[in-house]
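Please load the model in a viewer and keep the selection panel at hand.

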Amino acid sequence: MCGIVGYIGTREASPILLEGLKRLEYRGYDSAGVAVLADEALKLKKHKGRVTDLAKNVSGNGLSGQLGISHTRWATHGAVTEENAHPHVSSDGKIAMVHNGVIENYLSIRKFLEGEGYTFYSETDSEALCNLIAYHYAKEDADSDNRFLNSVRKTLSHIEGTYGIAVMCVEQPNELVGARKGSPLIVGIGADEYLLASDVSAIISRTSNVVYLNDGEIVSLKDGELNLITSDEQALTPEVKKIDWEIAESELGDFRNYMLKEIFDQPKALENAMRGRFSDDQSTAKFGGLNVSAQELRQIDRILLCACGTAWHACLVGEYLIERFARIPVEVEYASEFRYRNAPLDKNTLVMVISQSGETIDTLAALRESKRKGYKTLAINNSVGSTIARESDGGIYQHAGPEIGVASTKAFTSQLHILSMLALYLGRLRDMSFQEGLDYVKALKQAPALVAETVKLNDQILEVSKKYKDMTDCLFLGRQDMFPIALEGALKLKEISYIHAEGYPAAEMKHGPIALISGECPAIVLATQPDIHGKLVSNIQEVKARGAPVIAVANESNPLPEDLVDDQILIPNCHRAILPVLASIPMQLLSYHIANLRGCDVDKPRNLAKSVTVE
Ligand code: M6R
């Protein structure tokens with residue numbers, strides 16, 4: 001939630017800040033702002049709305065200077081107004097700050113500072129932090145070289161909550177200070193310049209050398225030097241990491257939006273998920289970074305999969321795949337529930353979290369809680385160097401490339417593919433035969449080509465979407481591993497088209513949701529499994545009998561009778577190990593086209609942010 005970018009160097013700051021902000025807009029986009037410092041004068045521009053509109057206001061507005069900070073907001077405290085937009089400036093005019101996170105004790109800080117004569121102009125928690133820095137700055141020795149850094153450090157020792165901040169001080173025109181706790185922050189090291197940002201996408205066009213800050217660390221970027229310290233003033237040696245992203249991966253190219261691009265990126269994302277990850281004899285998968293031996297994995301009695309949102313749906317599919325192919329019991333938990341539930345776990349439980357961003361606060365908290373209890377923790381994650389990647393004991397990188405559209409598409413199918421590979425790996429450590437392993441690997445390798453085949457349904461799905469774009473309610477039904485795909489289909493439709501949708505196990509429909517069925521509430525039925533085809537046909541009959549239009553997704557070799565369904569989307573036949581991936585594609589394309597036809601901004605749906613770093 002919220003994206004921040006800071007710059008200090010030898011170039012004009014504002015164009016660099018605005019470019020970075022545009023790339024971070026997926027983190028929040030209700031308002032934005034930029035502040036630049038030059039000649040001991042602070043120049044500030046805020047705007048209620050998107051970064052592109054802010055950019056129009058900034059150009060030609062004399063926001064010149066080589067030190068600056070900027071912010072794109074996802075509102076937590078206070079309405080979407082210009083006053084509540086960042087940067088915030090302390091009431092003595094000396095400190096300017098951008099913040100991502102939540103200051104939990106802001107009310108008591110605000111009360112204290114008001115008593116000290118500080119004035120507040122916004123409803124935000126962040127302004128309390130900004131004024132508290134000003135308060136400590138005023139108390140520091142004016143001759144100290146570290147006056148500004150010390151004032152930030154002392155302030156943070158009084159803060160309860162989470163923050164990623166970038167701070168400037170009018171009296172310190174050569175220094176930019178950043179700090180993090182619970183919200184991500186990186187330092188980009190460029191030629192004659194440093195950048196601070198919430199994530200790599202904001203700085204990748206300028207440098208691929210980054211330092212990831214850990215919780216409790218504070219950085220001062222001053223006179224060409226990077227000075228990293230802990231909250232108790234211990235100096236740290238920054239560890240510089242090289243990012244292997246191509247800038248082109250985060251460019252739109254010929255696509256009209258990121259969601260469509262990312263749907264079409266999926267064959268490549270699946271190839272990348274598999275690269276170098278099969279045994280020489282092609283009968284099993286292998287993962288370099290698991291940090292758990294085959295011996296240890298044979299000892300596990302249970303796996304706990306934990307995540308939020310779409311990644312939680314991936315966990316549900318993982319449950320089917322791992323239980324079916326590896327015969328290991330799996331439990332799936334919402335990370336937000338698990339972290340406070342204090343669930344008893346068996347001794348031989350392996351905890352695995354899944355997160356595209358690697359920054360989702362609830363998933364991170366679930367990981368930390370499991371680690372604290374002494375469990376081995378693994379992560380499936382798409383963002384190299386993210387907090388979850390760094391804090392888990394081991395894991396599997398997705399290598400799906402940057403996912404910019406708020407609605408997860410390629411990250412989801414890449415997670416499914418990796419879970420399927422994991423099911424194979426665990427299965428081969430137990431009872432899966434060599435021949436079954438060979439067949440399984442062959443199937444996994446076919447997935448990119450079959451997905452490329454499936455996205456060719458785009459035109460047909462556009463036509464189907466035109467018929468249903470005005471619906472107000474929709475049911476997604478599926479059985480077994482198609483149930484989570486139904487849930488994911490419903491989530492996709494909800495989040496980008498704002499149509500009410502529910503995913504349900506097809507047979508459970510009779511236990512309640514069937515009351516919703518009417519001619520106005522179409523049902524999208526995933527009827528892809530040959531072994532339970534008859535059961536699905538019965539469920540479709542039940543829906544049809546109540547007058548609802550049925551859109552079926554079925555296999556090419558097992559189509560449904562034409563008079564039974566109103567529309568039918570046929571996906572290629574495939575092995576069960578990759579069926580969830582293939583069946584996801586029509587779900588994505590349907591919601592994409594329906595949202596687009598309704599004129600929705602599919603990449604930046606209302607009220608949402610890509611990376612949920614607040615509870
Ligand atoms: O980055 P994560 O995978 O941890 O994100 C989890 C959810 O916030 C995310 O999947 C969300 O549900 C997406 N908007 C779904 O499209």
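**Between the two domains**

Select domain 1 (3-243) and domain 2 (252-432): both give residues to the lining of the second largest pocket, so this pocket lies between them. The model is predicted. The second largest pocket has a volume of about 410 Å³. Among its 18 lining residues, K22, E25, Y258, D603 and K604 are the closest to its centre. Colour this lining by class to find nine charged, five nonpolar and four polar residues.

**The largest pocket**

Next, select C308, G309, T310, K610 and V612, which lie nearest the centre of the largest pocket among the 29 residues that line it. The elements giving two or more residues to this lining are α9 (309-326), β18 (349-355), α11 (361-372), α13 (410-428) and α16 (482-497). Highlight α9, the source of the largest share, five residues. The space in the largest pocket amounts to about 620 Å³. Coloured by class, its lining shows 14 nonpolar, 11 polar and four charged residues.

**The ligand**

Now select the ligand and the 14 residues that surround it, of which S355, Q356, S357, T360 and E495 are the closest. For K492, display the side chain: one of its polar atoms is 3.0 Å from a ligand oxygen. Finally, show the ligand surface: on its own the ligand has 410 Å² of accessible area, and the protein covers 91% of that.

Notes
Residues numbered from 1 in each chain as written. Predicted model: local features only at pLDDT ≥ 70, side-chain atom pairs only at ≥ 80, totals over all residues. Heavy atoms only, no water. 1 Å grid on protein atoms, 1.4 Å probe; cavity = no way out; pocket = protein on both sides within 12 Å on 5 of 7 lines; lining within 4 Å. Points joined across faces, edges and corners; volume = space filled by probe spheres on them. Helix = DSSP H or I, 4+ residues; strand = E, 2+ residues; numbered from the N terminus. Nonpolar A, V, L, I, M, F, W, Y, C, P; charged D, E, K, R; others polar. Domains from an automatic or database assignment. Near = heavy atom within 4 Å. Polar contact = N/O pair within 3.5 Å; in protein donor to acceptor, adjacent residues only side chain to side chain. Areas by Shrake-Rupley, 256 points an atom, 1.4 Å probe, with all protein chains shown as cover.
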